Amino acid sequence: MRRQRIAEILHSGQPGQSVTVLGWVRTRRDSKHGFSFVEVNDGSCLKNLQAIIDAQTPGYAERIRAVTTGASVRLEGELKESPGKGQRIELHVRAFDVLGPADPETYPLQKKRHSFEFLREIAHLRPRTNTFGAMTRVRNAVSFAIHEFFQERGFYYVHTPIITTSDCEGAGALFQVTTLDLEKLARTVTELDYRHDFFGKPAYLTVSGQLQAEIFACAVGACYTFGPTFRAENSNTTRHLAEFWMVEPEMPFYELNDNMDLAEEFIKYVIRRVQQRCADDLEFFNQRIDNTLSDTLANITENRFVRLSYTEAVEILQRSGRSFEFPVQWGNDLQSEHERFLTEEHFKAPVILYDYPRTIKPFYMRLNDDGKTVRAMDVLVPRVGEVIGGSQREERLDVLQQRMVECGLNVESYQWYLALRRYGTVPHSGFGLGLERFIQLITGMQNIRDCIPFPRTPKHADF
RNA sequence: UCCCCGGUAGCUCAAUCGGUAGAGCGGGCGGCUGUUAACCGCUAGGUUGUAGGUUCGAGUCCUACCCGGGGAGCCA
């Protein structure tokens with residue numbers, strides 16, 4: 001008999017149908033002389049399938065005691081309408097096996113709620129919980145929708161390198177990659193000779209695929225990257241990971257407004273897709289994690305994002321009458337409290353800020369005619385903060401070179417990047433979306449470490 | 001990295017003024033029931049994060065360290 005997944009059974013299974021189910025036991029309730037209720041989950045959906053194992057079922061006496069929370073089982077039987085509340089149909093078992101028992105004395109997961117802190121310590125078992133099952137499905141749906149969005153629009157999925165030798169854009173601290181025997185060298189030399197390292201010079205894990213994506217955008221058209229990114233910052237917050245996934249579209253012939261349009265459309269598209277495909281999971285997050293979630297998401301998909309310049313934002317903040325811990329002053333980067341005020345109190349909506357002071361943004365952003373601001377844009381959302389950062393890129397060779405010098409970069413090592421402006425330069429734009437922050441937004445989860453299967457943060461790289 | 005809070009049973013937590021360790025859940029055993037956070041009874045389970053110190057006496061006070069969480073900075 002073919003195995004059927006529980007999502008399919010609960011959705012379209014009919015009384016009288018024979019099915020085989022393979023999965024993990026969530027709970028068992030016994031009737032001593034009658035039968036046992038066993039709830040099984042196979043990860044295909046949030047809901048469990050309720051199975052009834054009668055005491056007359058072959059092997060019941062010997063094996064039912066091994067049907068405990070966490071055990072893996074094979075259940076064969078017939079679907080019947082359920083007389084009880086809480087489920088449309090249930091499985092009446094004809095035959096069952098315990099594939100792998102789970103000692104209830106030591107199995108860490110209980111039927112009750114666990115703290116997320118505890119679950120992080122058992123990252124190998126937390127996917128078996130409701131929350132992380134839902135997380136896994138939502139993350140999958142988000143990833144798939146991201147590809148759909150760009151593929152439908154003719155963007156190419158480009159694979160940019162994970163290992164890089166360019167200490168690019170000063171976007172955070174880098175993880176170094178080496179095959180040198182550091183322990184041995186520490187005992188024998190005082191200076192490293194990178195000619196003996198694998199790449200013949202220092203190499204690092206990428207902090208962004210943007211510069212390489214620009215190469216392809218200026219060749220084959222709009223493209224996007226979607227891969228892991230690494231930052232060696234010693235950040236200990238609910239919004240930072242040392243290893244995270246980033247989506248970076250890059251579009252030729254796009255100016256900043258086109259870029260903002262795309263970013264807004266993109267966020268709305270992905271959320272709608274997840275709403276369609278993971279309705280149960282989102283409902284779970286709304287009920288158990290953050291009961292403002294449904295409203296937040298509806299607010300995002302149904303309204304236009306507020307757009308205002310950095311300068312206008314500064315004026316609003318200064319006129320707000322609020323006393324912030326950090327004073328608002330033109331030329332300084334906005335603090336978390338300022339962003340939160342704008343998104344959570346003043347507008348109560350996502351906000352796209354653009355035209356930031358040149359001094360607080362990287363070299364590659366296009367300089368405005370005022371000479372003071374650059375064509376940057378950040379998409380800020382309630383609670384999570386910056387979920388997208390992007391810009392129109394500086395396509396003028398001379399201006400770009402000057403900006404690089406200004407930012408203290410070694411112009412020589414960026415010759416390939418400058419060459420894109422030297423030969424057939426075009427206006428172009430792009431942005432980066434932090435996948436886990438986006439998932440935080442969509443699920444309402446408080447901590448980004450619970451939005452990725454195996455979080456990497458300072459002092460944490462287990463599993 | 002800085003600031004704040006915390007670390008007591010497998011999990012979540014309580015323990016008054018410094019006076020000799022408790023509950024719920026989970027586990028085991030028994031009972032009961034078309035149950036569904038099941039219910040009822042019994043029961044086992046602890047070097048109170050680590051190392052020092054103060055004290056007749058420390059879970060409680062002091063010092064250092066380790067670990068966890070939240071906030072800030074950096075950023076996506």
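A: Let's start with helix H4, residues 130–152: 23 residues that reach 32 Å from the first C-alpha to the last. That is close to the 33 Å expected at 1.5 Å a residue, where the expected span is 1.5 Å times one less than the number of residues. Helices here are DSSP runs of H or I with at least four residues, strands are E runs with at least two, and both are numbered from the N terminus. Just after H4, Gly154 takes a positive phi of about 80°.

Some ground rules: this is a predicted model, with pLDDT of at least 70 needed for local features and 80 or more for side-chain atom pairs, while totals for chains, interfaces and linings use all residues. Residues are numbered from 1 along each chain as its sequence is written, chains are lettered from A and ligands numbered from 1 in the order written, and side-chain values use heavy atoms, without hydrogens or water.

Now zoom out. Chain A has 14 helices and 16 strands, and its C-alpha trace spans about 85 × 60 × 45 Å along its principal axes. Of its 463 residues, 50% are buried, meaning under 20% relative accessible area; exposed is over 50% and partly exposed is in between, using a 1.4 Å probe and protein chains only. Trp245, in strand E11, counts as partly exposed because its relative accessible area is 30%.

Strands of a sheet pair through backbone hydrogen bonds, either parallel or antiparallel. Two strands count as paired if DSSP finds at least two bridges between them.

E1 pairs with E2 in the antiparallel sense over six bridges, and Arg28 stands opposite Val38 in E2. E1 also pairs with E4 (residues 72–81), antiparallel again, over seven bridges; there Leu22 has Arg74 as its bridge partner. E2 and E3 are antiparallel over six bridges, with Val40 partnered by Leu49 in E3.

E15 gives the largest share, four residues. The surface divides into 12 nonpolar, 22 polar and 18 charged residues. Here Ala, Val, Leu, Ile, Met, Phe, Trp, Tyr, Cys and Pro count as nonpolar, Asp, Glu, Lys and Arg as charged, and the others, Gly among them, as polar.

Of the 52 residues around RNA strand B, Asp30, Ser31, Lys85, Arg437 and His460 come nearest. Among the RNA atoms within 4 Å of the protein, 51% belong to sugar or phosphate and the rest to bases.

An N or O atom in the side chain of Gln50 is 3.0 Å from a base nitrogen of RNA strand B. Phosphate oxygens feature too: one is 2.9 Å from a polar side-chain atom of Ser336, and one is 2.7 Å from an N or O atom in the side chain of Asn447.

Methods
A residue is near a molecule or strand if one of its heavy atoms lies within 4 Å of it. A polar contact is a pair of N or O atoms within 3.5 Å; within protein, one must be able to donate a hydrogen and the other to accept it, and residues adjacent in sequence count only if both atoms are side-chain atoms.
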